[in-house]
Amino acid sequence: MSWLGRILIALLVALGLWRRRGDDEGERIVPAGERSPRAELVVLLLLFGATLCAVGFVVIYAIDAIGNQTQLLGLALGLCFALVAAALIVISRHLVVTEDNEEDYPEPGGDQESQAELTEILRESNSRFTRKRLMAGAGGVTAAAMGAALITPVASFGPWLDTDSLKETPWRRGLRLIGVDGLPLFADQIEQEVFYTAFPEHAPRDVIGSPVIVVRLDPAALRLPPERAGWAPGGILAYSKICTHAGCAISLYRTPKFAPTQPRPALVCPCHYSTFDPARGAKVMFGPAGRPLPQLPLMVGDDGILRAAGTFSERVGPAWGGVRGKPRSV
Amino acid sequence: MRSLLFPVRVGVLAVVLAAALATSAAAQPSSPIARPSPDQERALPLVALGAQLFAGNCAKCHGDRGQGLAPSKENVGPGAGGAGPSLRGVGALSADFYLRTGYMPLGDPHDQPQRAPVLFGDREIRALTAYVASLGKGPPIPNPSPDEGDLGAGRRLFTQHCSGCHQVVAQGGIVTGARVPPLQKATARQVAQAVRVGPYLMPKFSKKAISDRELQDIVRYVMWTKHPSDRGGWGISNLGPFPEGMVTWLIAIVALVATCVIIGKRVSS
Amino acid sequence: MRLRRAVQSLDERSGASPFFVKALRYLFPDHWSFLLGEVALYAFIVLVGTGVYLTFFFEPSLASTTYTGAYGPLHGVEMSQAYKSAVDISYEVKAGLLIRQTHHWAANVFVAAMVIHLMRIFFTGAFRKPRELTWILGLTILFTSLLEGYLGYSMIDDLLSGMGLAIGYGVALSLPLIGGNLAMALWGSAYPGLHVFESRMYIAHVLLLPLLLMALIGLHLTLVAARHHTQFKRTERQTNRRLVGVPTFPGQAPRSLGLLLAVAAVLFLLGGLVQINPIWQWGPYEAQLGTNGAQPDWYLGWLIGALRLVPGFDVTIGDYTLIPNPFWGGALFPLIVLGVLLAFPWLERRFTGERGHHNLLDRPRDAPGRTAFGAAFLLWVGLVFFAGSADRIYVFLGAGYEAMIWIYRVVVIVAPVITFFVVRAICRQLQAGDRIEAVREAAEAEAELAAVARQLPDEPDDTERAVAERP
């Protein structure tokens with residue numbers, strides 16, 4: 001045994017934690033096993049290491065000058081746990097008896113006697129009732145009513161029935177398009193092969209009815225539905241920036257530099273890659289979205305600023321029962 | 001009819017031969033680039049060398065005077081010639097970007113240009129760039145100084161304009177139809193160029209959309225993403241849940257199952 | 001003796017000695033795979049410990065504030081209190097990042113450990129009578145944990161979490177007939193909803209669901225102990241009526257305690273050394289922003305895979321949208337998985353007609369139908385899970401995304417069917433092999449016996465002993 005082990009044992013003895021016992025006489029419950037001083041030594045060393053690590057954790061925490069605190073703290077605490085785990089594994093394998101006991105499983109049918117007893121107690125307890133059905137029924141009704149009363153405040157969540165806010169958008173005819181920098185978007189600023197994000201003026205930005213993505217395509221390439229004639233002055237198109245699939249922001253614009261050999265322009269969602277065709281009213285080209293992005297009709301004011309010429313072609317956001325229909329402008 | 005098509009056929013044949021030659025050349029360690037002899041190359045003035053290199057390596061798709069070639073049945077398809085956009089007016093900026101990233105020359109005009117080993121020498125690139133610049137009036141090579149950019153503004157602008165495709169820490173991603181490259185290998189100049197060029201399917205931001213000053217901020221941020229602040233330790237490529245799940249299963253669960261096996265082994269005493 | 005006095009003193013005041021004797025002598029059967037559930041339990045303990053610490057520093061509020069803390073790139077950025085406090089935990093609170101990361105790793109490991117525990121239970125038939133309730137409780141714990149984890153990373157209000165929450169909102173809206181009302185009830189308004197939604201997530205994450213999980217876990221363990229562990233038949237002593245194992249104390253205790261510390265060690269080492277969810281790099285969420293390839297934590301990866309695989313259509317009647325698209329992948333798919341697993345003990349009983357009481361485990365080959373079904377089911381869910389990573393595969397390997405999605409759409413249906421028949425055939429082959437082996441061994445034993453009998457006709461006792469001692 002090394003001097004380190006001896007010192008440790010001496011310490012433990014001093015603390016009263018260590019006791020050599022004589023052989024127990026008589027019948028034992030836990031059988032005796034062989035002693036293994038070497039394993040004990042290993043355990044002591046592991047515990048010593050763990051103690052050092054734990055102390056190290058405190059020291060690292062206390063001294064600000066030490067860099068990479070997170071890493072060192074994690075290392076210290078992790079190693080401390082790992083060393084104690086190792087000590088326990090050594091104990092389990094060499095220092096406690098691994099018994100090989102047998103025991104009966106509970107009876108497959110359960111304890112028949114107590115089952116009978118329980119049934120009897122339950123049955124006999126209601127012998128003073130004469131109209132059992134009625135009483136049970138009344139109790140049930142009261143319980144249901146009480147439950148309903150208790151759960152009623154849940155109705156304060158919501159509004160459960162008023163789904164109007166799902167149909168709303170701040171966009172209405174005449175509102176100017178405001179860029180991310182807070183300045184209005186001028187029609188002649190909008191160039192092909194770039195995408196812009198815009199919000200309605202004087203309206204909150206952080207509602208899904210607000211953000212639109214603005215792109216300009218060659219007017220000759222547009223294939224908008226006939227009823228949307230005039231929605232894209234100079235080929236400038238605005239669509240809701242919120243994906244109609246699951247509500248992520250359409251933040252990808254793919255725009256070919258050499259149309260003959262490269263894929264068509266598309267607006268793409270980064271969550272599930274729904275791909276929309278801006279030239280065709282944002283029809284779904286690929287991916288899980290079930291409907292096109294709602295389009296915002298545009299017009300150019302006398303000041304050259306882009307304005308909404310109306311509200312979206314359809315309600316914005318992920319689909320729900322009432323998603324198809326004209327949005328309400330607020 | 002026959003006489004009309006004849007030159008085209010000859011052209012196709014020549015291109016097929018050239019392609020075959022190029023492939024066989026690629027198989028060898030020697031370069032697939034058609035270039036004058038070293039002595040000639042040294043002797044030629046830049047633009048003249050550029051013109052020669054262009055004729056030998058680029059004209060197939062971009063036209064003999066950089067006017068571009070529209071695709072047709074003859075020149076597009078496996079093993080056939082090429083088609084490509086006009087280079088008049090793209091300027092030194094574009095040529096320098098495509099050549100120094102190895103995006104060009106491109107094997108098949110339908111392929112996405114990918115970062116690849118650069119096949120031209122430095123003087124050759126300067127020559128080609130000068131030649132392309134001479135084809136029309138176009139922007140010069142930018143020279144951003146990322147150190148002067150504002151990191152916070154760059155982060156905000158990058159999140160607004162770029163992260164939808166490039167991922168918020170510039171680790172790359174996809175768009176339907178193309179891979180979006182991670183930006184860890186891009187130089188500051190290349191980032192600045194790409195914003196203006198919009199290679200392949202990327203938007204092409206003009207100075208009105210992203211000013212030079214803003215561009216500098218963005219470049220600063222992209223350079224920062226090469227070594228982002230990984231305060232938490234090993235950054236596992238700053239992608240979030242995808243590599244985290246792999247660490248969970250391949251490191252944590254493997255380690256813990258191994259522990260279970262060790263602990264579960266009974267040693268009868 | 002001092003120990004005796006302590007025991008006596010405690011028992012006089014509690015009468016707990018019989019209980020302790022029983023508990024300490026409870027038997028644990030001998031196989032490493034029985035420890036997988038314990039790994040999950042210990043990860044949960046670490047989760048509770050680290051989670052409580054984090055609540056002291058996290059502010060569940062969407063009130064706007066301007067960041068001025070230690071992390072430069074976010075200086076001057078408008079953000080919610082929630083996000084700011086989470087960044088502060090990572091940058092200002094000493095040891096905060098260690099605890100935060102350990103908490104997050106523990107969540108990932110907790111669910112992963114439950115999944116492999118579930119697989120062990122399934123493929124060995126441990127869910128059969130009398131343990132169906134334990135099985136149902138276990139599944140409830142698993143699925144509650146998915147929601148718990150989702151809420152945990154969703155309430156931070158960083159860019160990734162906001163995108164994930166938008167998808168959750170989309171899935172809630174997609175429930176046929178009630179979707180709009182349900183989303184309104186929870187969010188109070190169109191997404192991102194009222195600020196109070198943050199408090200709702202928070203209280204669910206730190207109180208309601210943890211309490212539910214604790215109750216469920218407690219019940220699960222109580223039921224395990226009440227019916228005792230199952231066991232593999234490895235010796236003749238182990239029968240359907242008789243359990244062989246090591247008692248809680250002293251044999252099992254250091255093992256379990258050691259495993260607890262090993263789990264804690266792995267989690268804290270990961271928490272300190274491997275970065276998880278670096279929210280400061282994602283930046284704050286705005287509804288109009290996005291980042292490419294947004295992924296949920298791994299345990300919801302199967303849902304994003306399903307959402308991505310479904311072709312684009314809504315089921316409509318006139319202008320009424322009956323079934324919005326996210327319903328298929330985000331709601332129906334997990335409900336089918338949960339439903340099949342919940343019903344499996346009864347489904348199997350109906351198919352096999354086997355209603356017995358089982359304390360002995362099957363080897364997977366012993367139940368070819370179950371094993372084949374399990375493999376096919378696992379592959380089905382697994383393929384959908386991997387489909388969710390097709391975008392990253394495209395980035396790394398260059399296989400086209402759209403092509404991969406189309407291939408997955410086919411393979412997800414075809415491969416499990418093939419797997420079912422292949423695995424069943426393999427199991428039957430293995431069983432046949434076992435039978436041949438058994439016959440051969442019996443014949444050899446007989447021959448040996450005969451040979452020994454011929455050689456030593458005078459000592460029949462020894463011969464019998466030799467045969468009896470054969471393993």
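How much area do chain C and chain B bury between them? Chain C and chain B bury about 4,900 Å² between them, 65% of it on carbon and sulfur atoms; buried area here is the accessible area (1.4 Å probe) that two parts lose on being put together, summed over both.

## Basis of the report

This is a predicted model, in which local features need pLDDT of at least 70 and side-chain atom pairs count only at pLDDT 80 or more, while totals for chains, interfaces and linings use all residues. Residues are numbered from 1 along each chain as its sequence is written, chains are lettered from A and ligands numbered from 1 in the order in which they are written, and side-chain values use heavy atoms, with hydrogens and water left out.

## The interface of chain C and chain B

Chain C brings 65 residues to the contact and chain B brings 57 residues, where contact means heavy atoms within 4.5 Å. Between the two chains there are 29 residue pairs in polar contact, both residues at pLDDT 80 or more. A polar contact is a pair of N or O atoms within 3.5 Å; within protein, one must be able to donate a hydrogen and the other to accept it, and residues adjacent in sequence count only if both atoms are side-chain atoms.

Several helices of chain C each supply at least two residues of the side that touches chain B, including H4, helix H5 (96–124) and helix H16 (401–455). Helices (H or I, at least four residues) and strands (E, at least two) are DSSP runs, numbered from the N terminus. H10(C) gives the most to this side, with 11 residues.

## Ser85 in helix H4 of chain C

C:Ser85 belongs to helix H4 (residues 81–91) of chain C. Its relative accessible area is 6%, so C:Ser85 is buried; buried means under 20% relative accessible area, exposed over 50%, and partly exposed in between (1.4 Å probe, protein chains only). Leaving aside residues up to four places away in sequence, C:Ser85 touches C:Phe57, C:Phe58 and C:Glu59.

## Strand S4 of chain A

In strand S4 (residues 195–200) of chain A, 6 of the 6 residues are buried, so the strand is largely enclosed by the rest of the structure. A:Phe195, A:Thr197 and A:Phe199 are buried on one side, and A:Tyr196, A:Ala198 and A:Pro200 on the other.

S4(A) pairs in the antiparallel sense with strand S3 (residues 177–179) of chain A over 3 bridges; two strands pair if DSSP finds at least two bridges between them. In this pairing, A:Ile178 stands opposite A:Phe199. S4(A) also runs antiparallel to strand S5 (residues 212–216) of chain A, joined by 4 bridges, with A:Ala198 opposite A:Val212.
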